[in-house]
Amino acid sequence: MFRARPKRARRSRYNVSYRLTRSVPAALLGVLLIAVLVGVTLTYKRFDDFVSATTGHHINPIGEVVQVVEPAQGTMAYKLKHGQQVNILLLGMGGEQNDAPYLTDSIMAVSIDPTSNRVSMASIPRDLVVHMNLQSTPSRTWTNKINAAYEVPLTNIICCVASQYAGPNAGGLAAEHEVGKVTGLTFDKYIAVDFKAFRDMVNALGGVDVCLSTNLDDYEYPDYSNGYIRGGIHYKAGCQHLSGEQALQVARSRHAQQPEQSSDFGRARRQQDIMQAIKKKATTVNGFAKAPQLLDALQKNIHTDMTLSDMKAIYDWGKNLPDSSIIRVALAAPSGSAAGNLLDAYDCGMGPGVSQLCPDDETYFQIHHYFAMGIFIDPKTLAERAPVQFVNATSNLSGLDSRITSMFDPVGLQLADPVAHKPSAETQILDYSGGRFPLTQKWLHDYFGGTVVAATPTSPAPAAGQQTYGLVVVLGHDYALHWLGE
């Protein structure tokens with residue numbers, strides 16, 4: 001674990017974000033696909049009712065036809081047609097059956113890269129502490145967990161909310177602002193779904209099939225009466241068919257006995273697996289036939305500012321997208337057996353005794369850098385299949401090599417296990433290949449900086465366990481300072 005650093009310790013007196021709530025699954029592409037499937041199979045009138053209930057607007061048939069023929073500049077359809085990245089914020093919240101109905105305990109940034117036909121799904125932990133500037137005085141901040149952003153305009157939790165966070169999409173716009181501040185992304189649209197919609201949607205599909213890598217035993221799973229389910233919840237390793245309530249339990253669980261399931265990575269992986277299962281089931285013949293039930297399940301418990309044209313554009317673009325084109329990442333701190341990456345756990349503004357996660361770089365530059373350069377790596381670079389290893393030559397950041405490896409393992413690089421290295425003041429990229437991997441070498445240099453060194457198996461002297469082929473990134477003290485925003 002990284003060293004804790006003194007922080008601005010201004011504790012909010014509105015400490016609302018650690019009430020009895022747990023992670024909620026956002027429905028991702030499944031919701032988008034379902035919305036379009038419903039539109040295809042149902043009468044125009046009924047789909048208009050659905051769009052009106054979820055977005056607050058009725059369908060303009062002439063406008064929608066025009067958008068299909070030639071989408072307006074800046075729309076999602078235009079961006080997808082012209083190779084521009086599209087970002088959608090997916091939010092899951094407790095809803096009316098929860099004591100904190102507007103806390104978005106599942107937050108996912110979905111980015112679509114039409115030039116490479118890839119989608120990234122990035123999970124943002126609910127316990128990430130941010131200094132929110134959602135009030136009419138921009139310099140005025142409110143320190144709380146990021147899952148509270150959606151509820152700020154919808155409650156009287158703080159005063160003087162800025163006028164741009166008003167109207168039917170106020171919560172979504174506030175969440176977009178705060179998640180965008182952390183990730184560096186500008187969101188095109190948002191979708192928010194609650195417990196009931198998720199449960200009813202899975203049930204309307206007849207359940208979903210999900211596979212667990214280990215057992216999942218959670219004795220602190222919440223019931224619907226501000227307590228815990230007697231005896232806890234228990235699921236075996238392997239593939240199983242889940243009802244709506246069971247899928248919700250698997251997605252929400254935060255206190256599993258198994259370290260692989262209780263970590264941020266494990267929880268994010270389960271939620272993403274369930275969303276993939278929903279997408280798969282919704283696009284089958286049986287899922288198509290269940291469109292009326294899906295419509296009823298979603299109509300009153302989903303909120304979005306997406307238009308019919310947006311939904312159709314997403315569906316047309318991604319209807320045949322293979323699972324291999326989906327990159328799944330998560331911002332996380334070290335937990336159990338998981339290395340974590342860009343976050344850590346200490347008091348960064350909520351006070352002692354409060355579960356909270358904090359960025360190691362308070363400026364968010366490292367997180368922005370990762371989202372901008374580290375997820376959608378050029379396919380030509382990945383096609384080199386260069387063997388890459390990260391080694392830690394810092395003197396003050398134990399485990400940095402493992403964190404970096406966990407960040408880039410999902411994005412397609414060919415990574416070896418990380419190792420420790422003797423301390424080095426400067427970052428180096430050791431090229432043992434004789435220049436065989438120029439694109440990968442350039443990407444590593446652009447991302448990490450440092451000096452490229454033509455290396456041999458004996459010079460510079462390798463660390464124990466270090467590979468002496470391909471490319472090795474020696475993370476020096478200079479990179480450690482960048483990592484910490486110093």
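Modeller: C211 and C239 are joined by a disulfide, with 1.8 Å from S to S. The model is predicted, so this value is computed from predicted coordinates. The link is right-handed, with 95 degrees about the S-S bond. C211 sits in strand β7 (residues 208-212) and C239 in strand β10 (residues 238-242), so the bond ties together parts that are 28 residues apart in sequence. How exposed is C211, by relative accessible area? C211 has 43%, so C211 counts as partly exposed. C239 has 63% and is exposed.

The structure holds 2 disulfides. The other joins C348 to C358, with 2.1 Å from S to S. Here the link is left-handed, at -85 degrees about the S-S bond. C348 lies in the loop between β13 (343-344) and β14 (358-359), while C358 belongs to strand β14, so this pair ties together parts 10 residues apart in sequence. Both C348 and C358 are buried. Counting bonded cysteines along the chain, the pattern is 1-2, 3-4.

C159 is partly exposed, with a relative accessible area of 38%. C160 is also partly exposed, at 40%.

Now the aromatic rings. The structure holds 12 aromatic pairs. One of them is F408 with W443, an edge-to-face pair. F408 has 0% relative accessibility, so F408 counts as buried. W443 is buried too, at 8%.

F408 also pairs with F448. Their ring centres are 6.0 Å apart and their planes stand at 70 degrees, so this pair is edge-to-face. F408 in helix α15 and F448 in helix α16 are 40 residues apart, and their pair links distant parts of the chain. Both F408 and F448 are buried. F408, W443 and F448 belong to one aromatic cluster, whose members also include Y370, F371, F390, Y447, Y479 and W483.

A last word on confidence. The mean pLDDT of the chain is 84, and 83% of its residues reach 70 or more. Over residues 1-46, pLDDT stays under 50. The model has 166 contacts beyond four places in sequence for that stretch. Where pLDDT is low, the predicted coordinates should not be read in detail.

How values were computed: Residues numbered from 1 in each chain as written. Predicted model: local features only at pLDDT ≥ 70, side-chain atom pairs only at ≥ 80, totals over all residues. Heavy atoms only, no water. pLDDT = per-residue confidence, 0-100. Contact = heavy atoms within 4.5 Å. Phe/Tyr/Trp six-rings, centres within 6.5 Å; stacked < 30°, edge-to-face > 60°. Buried < 20%, exposed > 50% of the residue type's maximum accessible area, 1.4 Å probe, protein only. Helix = DSSP H or I, 4+ residues; strand = E, 2+ residues; numbered from the N terminus. Disulfide = S-S within 2.5 Å.
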